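Dear colleague,

I am passing on the structure below, and my notes on what was found in it follow directly after. Please read them with the coordinates open beside you.

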Amino acid sequence: MIKLSGITPSGHVQLGNHLGALRRWAAEGGPDDLYFVSDLHAMTTTHNPAKLRSLAMEQLAVLVATGIEPERTFVQSDLARDLGALTWILECTCAYGEAARMIQFKEKSKGQAGVRLSLLTYPVLMAADILLQGADQVPVGEDQRQHVELARALAKRFNGTYGEVFTMPEAVLPPAGARVKDLAEPTRKMSKSTRDSAGVVFVLDEPDLIRRKFRRAVTDGGSTPAYEPETRPGIANLLDILSACTGDEPAALAGRYPSYGALKDATADAVIEELRPVRERTRALLDDVTELERIRKAGADRAAERGAHRLSSALRLFGAG
Ligand code: ATP
Ligand code: MG
């Protein structure tokens with residue numbers, strides 16, 4: 001059973017990615033599960049090539065530093081040639097209308113000038129990611145479910161028309177976990193691509209900076225902590241974060257702190273300790289470029305090997321070569 005999950009290097013890895021995804025991937029992933037840095041997906045909108053290259057390397061280091069076995073990681077662009085070939089076959093299996101009705105495309109392209117064609121075809125690349133690796137399950141939120149359904153439809157169509165090559169993937173809901181909100185705007189989710197990073201805690205932030213960000217966290221006019229997500233989203237977010245770090249219930253935690261200030265400092269301290277090992281191991285890996293490149297190359301080789309027979313069968317059955 002292979003589960004496949006990716007993280008896009010659209011920015012530096014943030015606390016929400018750690019608490020909601022990476023930490024769990026490291027703890028719960030099965031022996032065949034795969035975790036990849038989806039850097040090709042970050043090219044569908046305006047991007048800076050040098051920045052993207054360094055973010056991809058950094059994210060690979062963070063995945064490994066979090067405790068995901070290097071054997072289960074890879075960087076998507078290392079398979080660019082294979083994925084490019086498979087994407088082409090799948091684009092030829094996909095109707096224009098199927099791609100055009102993707103909700104994410106409609107949302108992301110709305111009102112934008114110079115929309116890249118790849119923004120339209122990116123779900124087909126995602127199908128190639130999934131089908132090349134032979135993934136059985138793809139844990140995704142609601143927003144990505146439609147893309148996995150497309151991958152499924154394309155696999156079924158290809159298998160039925162040209163020959164059995166692809167494993168039928170299935171979208172699965174990831175276990176419900178902490179939904180970390182932006183500290184400066186606690187009704188919005190924390191995201192690595194948010195332009196103003198004042199309310200975003202990055203996994204590689206130094207302790208002092210983390211403390212400052214928590215001290216400046218937007219709260220309400222109250223003074224004694226209570227867990228009321230609807231009416232006091234800022235305080236609820238701090239309690240959710242503290243809860244994710246300590247394992248205690250947010251409502252129970254609220255009673256332990258006499259003031260908002262005390263809660264902010266306690267949450268900052270818990271986050272600093274939670275992230276410390278990841279930050280230190282990531283820094284060590286980024287300093288040891290030879291080791292990181294070795295990990296990357298080994299991951300790429302394994303991922304390419306895993307998909308090679310599917311790609312060559314698909315090409316042959318489709319009439320190439
Ligand atoms: P982007 O701004 O590019 O969408 P992101 O920070 O939302 O970046 P994704 O690459 O979309 O990150 O998601 C990577 C993983 O992190 C997913 O599994 C997603 O559910 C999880 N994740 C992202 N943000 C949060 C958050 N604020 N709280 C909990 N989990 C999160
Ligand atoms: Mg996102």
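Pro229 counts as partly exposed because it has 14 C-beta neighbours inside 10 Å, whereas a buried residue would need 20 or more and an exposed one 12 or fewer. Pro229 lies in the loop between α8 (207-215) and α9, and its C-alpha atom is separated by 9.5 Å from that of Asp240, which is 11 residues away along the chain.

All of this rests on a predicted model, for which the protein chain averages a pLDDT of 96, with 100% of the residues scoring at least 70. For the complex, the predictor gives an ipTM of 0.99 and a pTM of 0.96.

The other element I looked at is helix α1, which covers residues 15-28 and reaches 18 Å from its first C-alpha to its last, close to the 20 Å expected for its 14 residues. The helix bends by about 35° at Ala21. Its buried residues are Leu15, Gly16, Asn17, His18, Leu19, Gly20, Leu22 and Trp25, and what covers them includes the strands β1 (4-7) and β2 (34-37) together with the helices α2 (49-66), α9 (233-246) and α11 (260-287).

Helix α1 also gives the most to the shell around ligand 1, with 5 residues. In total, 18 residues surround this ligand, the closest being Ser10, Gly16, Gly20, Ser191 and Ser193; Gly16 and Gly20 are also among the buried residues of α1.

With best wishes

Conventions: Residues are numbered from 1 along each chain as its sequence is written. Chains are lettered from A and ligands numbered from 1 in the order in which they are written. This is a predicted model: local features need pLDDT of at least 70, side-chain atom pairs count only at pLDDT 80 or more; totals for chains, interfaces and linings use all residues. Helices (H or I, at least four residues) and strands (E, at least two) are DSSP runs, numbered from the N terminus. The expected span of a helix is 1.5 Å times one less than its number of residues. The bend at a residue is the angle between axes fitted to the seven residues ending there and the seven starting there. Two residues are in contact if their C-beta atoms, placed from the backbone, lie within 7 Å. A residue is near a molecule or strand if its C-beta atom, placed from the backbone, lies within 6 Å of it. pLDDT is the predictor's confidence in each residue, from 0 to 100.
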